[in-house]
Amino acid sequence: MSIPCCCNCVNLCRFLNKGLSDFNLDLDLGSLTKAWKYTFFKPKFIFHATYLSEKIGYWRYITIYRHLKANPGFEVFPIFKYIENWCQDENRHGGFFSALLKAQPQFLSDGKAKLWSRFFCLSVYVTIYLNDCQRTAFFEGIGLNTKEFDIHVIIETNRTTARIFPAVLGVENPEFKRKLDRMVEINQKLIAIGESGSSSGEELEENTC
Ligand SMILES: [Fe+2]
């Protein structure tokens, strides 16, 4: 499952277009929309997933912003000085999707909604944890511990999400982090097997039983 990141892309495109216009250059964004392969999702799935994407985006960016403000020695590029409004944009986009969900109470009120809510939380939290643990150089490079950063972001996002979703996950239980770390280990083995060209899966089986 991919996490929608439409606002991040739109913000980045705006930033690039603005920067390039200083050099009398521009991006042909129209060709991107024509070449992109689109997948249709029912709106009820987009509401939950996009709400979470916006809120977790906010917590990720604002945590980095606050960390760099407190530790300016790690500020590797001046853009970090100016991202607070961008962070708040993400927060407001999340607020918009919160309003959409509240206006459609059928997406929040029954047992099915509880299951979907927990499913989306789990998908998003596991995805960011596994992805970030594969690219720790960025986080370590700005003085953050990747796993501590992600757990902080997941806990804050989950607390925010609990205000609107009918059910969330027990992410503050140490068992949740232990299981995430176990998934990171298994994922690393899967990646190593993929890179080695082995197709038997025996190496993974030996280490995970
Ligand atoms: Fe956004």
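The tour goes from confidence to a helix, then the core, then the charged pairs.

**Before you click.** This is a predicted model, so local features need pLDDT of at least 70 and side-chain atom pairs count only at pLDDT 80 or more, while totals for chains, interfaces and linings use all residues. Residues are numbered from 1 along each chain as its sequence is written, and side-chain values use heavy atoms, with hydrogens and water left out.

**Stop 1: colour by confidence.** pLDDT is the predictor's confidence in each residue, from 0 to 100. The protein chain has a mean of 87, with 86% of its residues at 70 or more. Helix α7 (residues 146-161) has the highest confidence at 98, and helix α9 (residues 202-208) the lowest, at a mean of 58.

**Stop 2: select 174-196.** That's helix α8, and its 23 residues should span 33 Å at 1.5 Å a residue; the expected span is 1.5 Å times one less than the number of residues. The end C-alpha atoms are 33 Å apart, which agrees. Now show side chains: Phe 176, Leu 180, Asp 181, Val 184, Asn 187 and Ile 193 are buried (under 20% relative accessible area; exposed is over 50%, partly exposed in between; 1.4 Å probe, protein chains only).

While you're on α8, pick Lys 177 and Asp 181. They form a salt bridge, with the closest N and O atoms 2.7 Å apart (the criterion is a side-chain nitrogen of Lys or Arg within 4 Å of a carboxyl oxygen of Asp or Glu). The two are four residues apart in the helix, so about one helical turn separates them. Lys 177 is partly exposed at 28%, whereas Asp 181 is buried at 17%.

**Stop 3: the core.** Which residues touch the most other members of the largest nonpolar core? Select Leu 52, Leu 101, Tyr 125 and Ile 154, out of 42 residues in that core. Helices α3, α4 (84-103), α5 (111-133), α7 and α8 each supply at least two of its residues, and α3 gives the largest share, 11. A nonpolar core here is a set of buried Ala, Val, Leu, Ile, Met, Phe, Trp, Tyr and Cys residues joined through side-chain atoms within 4.5 Å.

Zoom in on Leu 52: beyond its neighbours within four places in sequence, its contacts (heavy atoms within 4.5 Å) include Phe 120, Tyr 125, Thr 157 and Phe 165.

**Stop 4: His 48.** It sits in helix α3 (residues 43-70) and counts as buried at 4% relative accessibility. Leaving out residues up to four places away, His 48 touches Leu 101, Phe 107, Leu 108, Ser 117, Phe 120 and Phe 165.

**Stop 5: Arg 60.** Stay on α3, where Arg 60 is also placed. Is Arg 60 buried or exposed? It is buried, at 16%. Arg 60 forms a salt bridge with Asp 150, with the closest N and O atoms 3.6 Å apart. The pair links distant parts of the chain, α3 and α7, 90 residues apart. Asp 150 is buried too, at 0% relative accessibility.

**Last pick.** The whole structure has 12 salt bridges. For one more, select Glu 75 and Lys 81, whose closest N and O atoms are 3.5 Å apart; Glu 75 is partly exposed at 24%.
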